[in-house]
Amino acid sequence: MPQTNLLSLIIFAPLAGALINWLVGRRVRNERFIGIVACGAVGVSTIIAFFLAFKSDGALRATQPVMDHLWTWVQVGGFRADFGLAMDRLSGIYALFITFVGFLIHVFATGYMHGDRGYYRFFAYLNLFMFAMLTLVLADNLLLMFVGWEGVGLCSYLLIGFYLDKEEAAPAAKKAFIANRVGDWGFVLGILLLFWLTSQAGAPSISFFDKAGVTSALATVGRMSFDEFTWHAIFAGGITSVAFLLFIGATGKSAQIPLFVWLPDAMAGPTPVSALIHAATMVTAGVYMVVRCSVIFTHAPTAMFTVAIIGAATALFAATIGLAQNDIKKVLAYSTISQLGYMFMACGVGAFVAAIFHVMTHAFFKAQLFLGSGSVIHGMHHEQDMRRMGGLRKYMPITWLTMCAGWLAICGIPIWSGFFSKDEILWKTWSGHIPGVPPGFNKALWFVGAVTALLTAIYMTRLMVMTFWGAERFRDQHVEHAPEGDHGHTTHKPHESPLSMTIPLIVLALLSTFGGLVGVPYALSSLTGGHPDNYFERTLQPVVSKLPGTAASESEAPAQLHWLSPPPQPIDGKPAVQPARGTNQGEPIPNPEEITQEQLFALISVLIALTGISIGWFMFKNQPLRQMPGLLENKYYVDEIYDAAVIQPILLISRDGLWKIFDLGVIDGVVHGLGRAVVNFGKQLRYMQIGFVRVYAAIILTGAIIIVGYFAYNGAHVLQFLTK
Amino acid sequence: MTPQLSWYLALSAVLFTIGVVGVLIKRNVISMFMCIELMLNAVNLTFVAFSSFFRDVSGQLFVFIVMTVAAAEAAVGLGIIIAIFRNRESLDVDDASILKL
């Protein structure tokens with residue numbers, strides 16, 4: 001397989017940028033210098049990523065991943081972890097949108113962070129994040145992936161708490177970190193269990209790919225038999241347990257129930273951070289991990305079932321909360337959680353390609369929306385409450401127009417990217433089937449997804465209407481919960497943002513609009529007589545696993561696994577025709593009935609989106625300050641419930657149990673007891689050192705008598721010596 | 001009646017015991033010091049007796065070493081005794097019991 005050291009440059013360029021900004025930038029404190037270093041570093045990554053992905057034998061074209069083995073990191077017995085990078089089709093797509101969207105967000109941030117005292121610090125962290133994220137994505141084994149996983153967690157922590165003078169930032173950063181630790185616990189155990197499983201199978205490995213001396217762990221799992229659909233399997237220590245533990249890791253990083261609580265609070269960080277880390281890239285790492293390990297998940301129907309349920313529940317749950325938030329970034333945060341739920345729902349029903357498609361389009365439109373909101377916040381002089389906005393269309397036309405693109409994309413209006421990915425997820429959810437699960441389950445999931453789509457359209461319309469249409473509420477100060485009027489918002493007029501911010505907005509708006517066209521399903525493209533190929537699906541299909549029992553997988557499954565441990569296949573210049581054709585033939589493309597049905601569902605999706613938009617429009621156009629249900633506004637009191645159910649008991653146990661009983665009693669008891677024992681023993685010994693010389697003489701005499709007595713008692717040989 | 005080895009050993013044991021008891025019961029530093037010398041010489045007597053009995057010269061060599069050490073020890077010990085006397089105005093060993101001068 002092709003080896004190239006260019007691959008490592010993708011991850012090390014941002015690292016170099018981070019170091020330069022940290023070491024040099026903090027002394028220079030020249031915004032232009034810092035901005036150029038940061039953007040340049042990511043720009044280098046972007047160019048190399050595109051080159052490696054699209055060159056004639058690049059990652060997206062060849063059947064073999066592009067590898068870069070830097071060094072063997074750990075080698076203990078059968079356990080081997082490399083510092084090795086690999087770009088296959090999946091990580092290639094991830095690397096592409098991470099670097100490109102990341103680059104745009106870096107550019108945006110040079111404008112947004114203008115004048116901040118921590119300018120160099122911000123860009124050093126942001127570059128460090130790019131390094132960690134690209135390590136996560138390009139890692140060729142689970143352990144190195146975990147390094148990136150922790151790295152992005154660290155950078156997320158640093159960047160959420162970036163505003164040192166903001167009261168809520170530090171607790172929010174801590175919350176994100178701790179929630180992620182809970183997930184990491186599952187991830188690490190999953191890695192260990194996977195290693196144990198593969199050792200049992202005779203090929204100990206945690207690698208994703210076959211390499212010299214290493215068998216792919218995924219291929220090993222692929223050769224194992226499928227787990228049964230039963231709840232016991234979760235605790236059985238088999239593939240299902242691995243999948244389940246890995247998914248716990250994913251719920252932490254990707255903010256799913258029950259660990260989603262950190263993401264809304266994470267909005268305390270600067271808006272470009274929210275866009276980059278908490279919408280476009282880091283939070284989709286969980287989806288990436290699940291798709292990367294899709295073989296493990298397809299072998300564990302129970303885990304798939306759980307993933308689908310958690311995903312659907314999160315999607316609906318977060319969407320309802322998003323309806324009632326007033327902070328513009330909080331709405332987008334809940335929207336992100338909801339969309340991530342969508343992705344996991346897709347993973348849960350086996351539509352891994354659709355999930356990744358949605359990850360990509362979501363990266364475009366959600367980054368766009370977040371940056372747009374950042375532009376609004378910037379223009380409004382750091383006002384985030386939508387109740388104090390309104391009518392901004394006039395003042396910020398570019399932001400408004402570009403955000404419209406993001407809005408239509410997330411609502412799912414055709415042509416805009418969100419439509420294709422969301423529609424594909426909904427269709428795959430309806431038509432998919434998890435073996436062992438009642439068939440009605442998928443229909444129920446679809447219904448949840450459809451309701452979520454409706455809610456999504458409503459809350460996004462509410463956001464747009466409250467921000468850009470209606471009365472200009474930023475003039476009057478008498479909005480409830482108004483903070484102390486020390487900022488004097490009324491005297492400032494909102495203004496359009498500088499070019500460094502609007503250009504990324506425009507590019508992302510274009511991507512949100514047209515980015516979905518790479519994955520138009522056959523059922524829709526055939527309507528217009530367009531190219532009948534679904535590029536996206538065709539590219540990704542070979543690297544994800546299929547659910548057993550679906551029509552296409554019966555013949556595909558063995559070949560599929562075979563591909564994961566690549567056979568000596570000639571690399572033809574054309575993009576992966578062989579495996580793609582195979583899957584296409586397996587799929588019921590010629591079945592006109594299904595196509596009609598898919599078209600019908602696309603129509604339903606559009607209708608849902610339009611209904612949602614019109615509901616949002618008519619509800620909030622004239623009454624933007626309409627009182628929302630308290631339950632939703634207070635986020636179902638989840639934070640309060642967690643506080644009462646988890647945090648307070650932990651505090652209580654820690655304080656009264658661990659501290660006052662265990663620490664003071666046992667730990668201190670042992671330590672102090674040991675000390676007292678030594679002191680008392682010493683007190684007894686002290687009488688030996690009384691100071692009277694004759695006592696010493698007596699002690700010496702006693703000792704001598706004891707020694708002589710010992711020899712006299714045992715010393716027959718001494719007597720023999722004397723009598724000889 | 002030729003002298004037996006046991007006679008020497010018995011004398012040596014008596015001398016040694018007198019030395020031990022003297023160290024334990026005497027308070028005068030000089031007396032204690034002399035008792036220590038007495039013990040050393042009791043041991044010397046044993047060495048010499050054995051040396052003569054076994055026709056082996058190494059016992060006598062040991063005696064020389066012990067005498068050398070005893071001489072050095074006497075010099076140091078008398079020095080310490082004089083130092084104590086200057087500080088305490090007394091040669092009673094129980095007056096020098098605070099573990100410092």
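In this predicted model, the axes of helix 6 (residues 169-200) of chain A and helix 8 (residues 239-253) of chain A come within 7 Å and cross at roughly 155 degrees. Helix 6 of chain A is therefore roughly antiparallel to helix 8 of chain A (angles over 145 degrees count as roughly antiparallel, under 35 as roughly parallel, 65 to 115 as roughly perpendicular and the rest as oblique). Axes are lines fitted to C-alpha atoms, for helices over the stretch in contact, with angles from 0 to 180 degrees between N-to-C directions. Helices are DSSP runs (H or I, at least four residues), as are strands (E, at least two), numbered from the N terminus. On the helix 6 side of chain A, the contact (C-beta atoms, placed from the backbone, within 7 Å) involves residues including Ala179(A), Gly183(A), Phe187(A) and Leu194(A). The helix 8 side of chain A contributes, among them, Ile239(A), Leu245(A), Gly249(A) and Lys253(A). Twelve nonpolar, eight polar and two charged residues form this contact (Ala, Val, Leu, Ile, Met, Phe, Trp, Tyr, Cys and Pro count as nonpolar, Asp, Glu, Lys and Arg as charged, and the others, Gly among them, as polar).

Thr271(A), Ser274(A), His278(A) and Ala279(A) of helix 10 meet Lys329(A), Ala333(A) and Thr336(A) of helix 14. Two nonpolar, four polar and one charged residues make up this contact.

Chain A has 28 helices and two strands. Of its 724 residues, 52% are buried (20 or more other C-beta atoms within 10 Å of the residue's own; 12 or fewer is exposed, in between partly exposed; C-beta atoms are placed from the backbone). Beyond its neighbours within four places in sequence, Ala355(A) contacts Val287(A), Val291(A), Met343(A), Ala346(A) and Cys347(A).

Residues are numbered from 1 along each chain as its sequence is written, and chains are lettered from A and ligands numbered from 1 in the order in which they are written. Local features need pLDDT of at least 70 and side-chain atom pairs count only at pLDDT 80 or more, whereas totals for chains, interfaces and linings use all residues.

Terms used
Two residues are in contact if their C-beta atoms, placed from the backbone, lie within 7 Å.
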